[in-house]
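Please take a moment with the sequence and the 3D structure before reading on.

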Amino acid sequence: MSSSTPAAAAAAGLTFPHAAPPEPGGLVEIAPGVLWLRLALPFQLNHVNVYLIEDEGGWAVLDTGLGDDATRAAWQAVLAGPLAGSRLTRLIVTHFHPDHVGLAGWMCERYGLPLHMSQTEYLFSHAMQLDQTGIGDEPLRAFHRTTGLNTEQIEQVVGRGHSYLKRTTGLPPTFLRLMAGDRLPLGGRGFDILTGAGHAPEQVMLFEPATKLFFSADQILAKISPNVSVWSMEPEADPLGLYLRSLAEIRASLPEDAFVLACHNLPFYGLHRRIDELVQHHRHRCAEIADACRAAPKSAADIIPVLFHRPLDAHQTGFAVGEVVAHLNYMRRCGELTRETRTDGVHLYRVS
């Protein structure tokens with residue numbers, strides 16, 4: 001394993017001790033007793049960061065990468081190369097998205113690891129994997145019809161298939177529950193467990209007070225805003241409100257000089273500043289939506305080009321419409337918008 005040279009690079013007021021990530025499949029000692037492994041993703045967001053924390057003579061793993069052959073081979077290369085002779089002690093998964101839980105079933109079985117997750121994320125992942133026959137397709141179509149997407153767009157989104165099944169390797173039949181407010185001991189160190197909603201229902205984050213290490217998962221990223229979406233199973237949900245509440249709680253409870261080890265982008269310092277930027281980002285989006293709905297009522301589909309200024313494929317359209325509806329639901333909760341429904345079932349939004 002190699003250690004990168006610290007750099008005093010700063011961007012947008014954040015400080016990045018490591019100016020560049022490790023090569024895909026490479027390890028960097030990012031903090032004492034903590035290794036940083038970057039794994040490739042076949043998406044526009046082309047990587048995920050996972051971490052290994054020294055634990056009982058081995059390494060606890062935080063997240064896995066996708067459940068595909070390439071990621072499996074990357075793990076095998078790391079364990080045969082820079083970690084040869086080391087053992088893995090346990091697997092901690094932050095949330096149910098496939099780039100975080102994808103290899104959980106395979107890793108737990110192959111290496112005999114206990115799985116640590118929050119209960120909601122464990123059960124949500126199970127629910128996603130149980131829909132092997134497409135029984136959720138019609139509710140998904142019904143939800144997207146209310147957004148104003150046309151039939152072709154809806155079929156493209158639904159027709160992406162059951163990608164979750166293709167990108168995950170299942171879960172072990174038992175797990176150890178992580179709960180907010182508890183402490184997780186790892187190798188003689190104690191990590192406070194935090195959870196946050198919005199991007200995922202009960203995403204796990206870890207904070208070590210002694211060293212101010214903060215494993216923020218996808219909740220707080222240095223350069224991008226995590227997707228916050230409404231999905232068909234809970235169409236009236238307010239994930240944006242929950243996300244903003246989570247950010248406020250993190251800002252109030254963790255120090256500004258925490259070292260933020262996120263699952264995408266570079267690790268950084270400047271936690272409070274980044275939280276403020278994320279809050280302002282969503283306020284700006286709400287203002288753009290209000291301006292668009294002021295002249296005439298708009299559907300969620302009408303709002304997509306207001307917020308996303310580039311062509312979107314089916315994968316991106318699904319996330320974009322979910323994020324638009326998250327903002328619309330939040331603004332309705334705040335009394336900024338009202339909603340009416342056309343005779344064809346499409347929801348239209350206007351400024352209150």
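Is Cys293 buried or exposed, judged by its relative accessible area? In this model, which is predicted, Cys293 has a relative accessible area of 2%, and because buried means under 20%, Cys293 counts as buried. The sulfur of Cys293 has its closest cysteine sulfur in Cys286, at 11 Å, which is too far for a bond, since a disulfide requires the two sulfur atoms to lie within 2.5 Å.

Over the whole structure, zero disulfides are found. Cys108 is accordingly in no disulfide, and the nearest cysteine sulfur to it, belonging to Cys263, is 16 Å away. Cys108 also counts as buried, because its relative accessibility is 7%.

Attention can now turn to helix H11, which spans residues 314–333 and contains Glu323. Glu323 has a relative accessibility of 5% and therefore counts as buried. If residues up to four places away in sequence are left aside, Glu323 touches Pro226, Asn227, Val228, Ser229, His282 and Arg285. With Val228 there is a specific approach, in which the side chain of Glu323 reaches the backbone nitrogen of Val228 at 3.3 Å.

Helix H9, made of residues 271–295, has an axis that comes within 10 Å of the axis of H11, and the two cross at roughly 85°. This angle makes H9 roughly perpendicular to H11, because angles of 65 to 115 degrees are counted in that way. On the H9 side the meeting residues are His282, Arg285, Cys286, Ile289 and Ala290, while H11 contributes Glu323, His327, Leu328, Tyr330 and Met331. The residues of this contact between H9 and H11 comprise six nonpolar, two polar and two charged.

Helix H8, running over residues 239–253, also packs against H11, here at an angle of about 80° and with the axes 7 Å apart. H8 and H11 are therefore roughly perpendicular to each other as well. Pro239, Leu240, Gly241 and Leu244 of H8 make this contact with Ala326, His327 and Tyr330 of H11. The residues joining H8 and H11 divide into five nonpolar and two polar, with no charged residue.

Technical notes:
Residues are numbered from 1 along each chain as its sequence is written. This is a predicted model: local features need pLDDT of at least 70, side-chain atom pairs count only at pLDDT 80 or more; totals for chains, interfaces and linings use all residues. Side-chain values use heavy atoms; hydrogens and water are left out. Helices (H or I, at least four residues) and strands (E, at least two) are DSSP runs, numbered from the N terminus. Buried means under 20% relative accessible area, exposed over 50%, partly exposed in between (1.4 Å probe, protein chains only). A polar contact is a pair of N or O atoms within 3.5 Å; within protein, one must be able to donate a hydrogen and the other to accept it, and residues adjacent in sequence count only if both atoms are side-chain atoms. Contact means heavy atoms within 4.5 Å. Axes are lines fitted to C-alpha atoms, for helices over the stretch in contact, and angles run from 0 to 180 degrees between N-to-C directions. Angles under 35 degrees count as roughly parallel, over 145 as roughly antiparallel, 65 to 115 as roughly perpendicular and the rest as oblique. Ala, Val, Leu, Ile, Met, Phe, Trp, Tyr, Cys and Pro count as nonpolar, Asp, Glu, Lys and Arg as charged, and the others, Gly among them, as polar.
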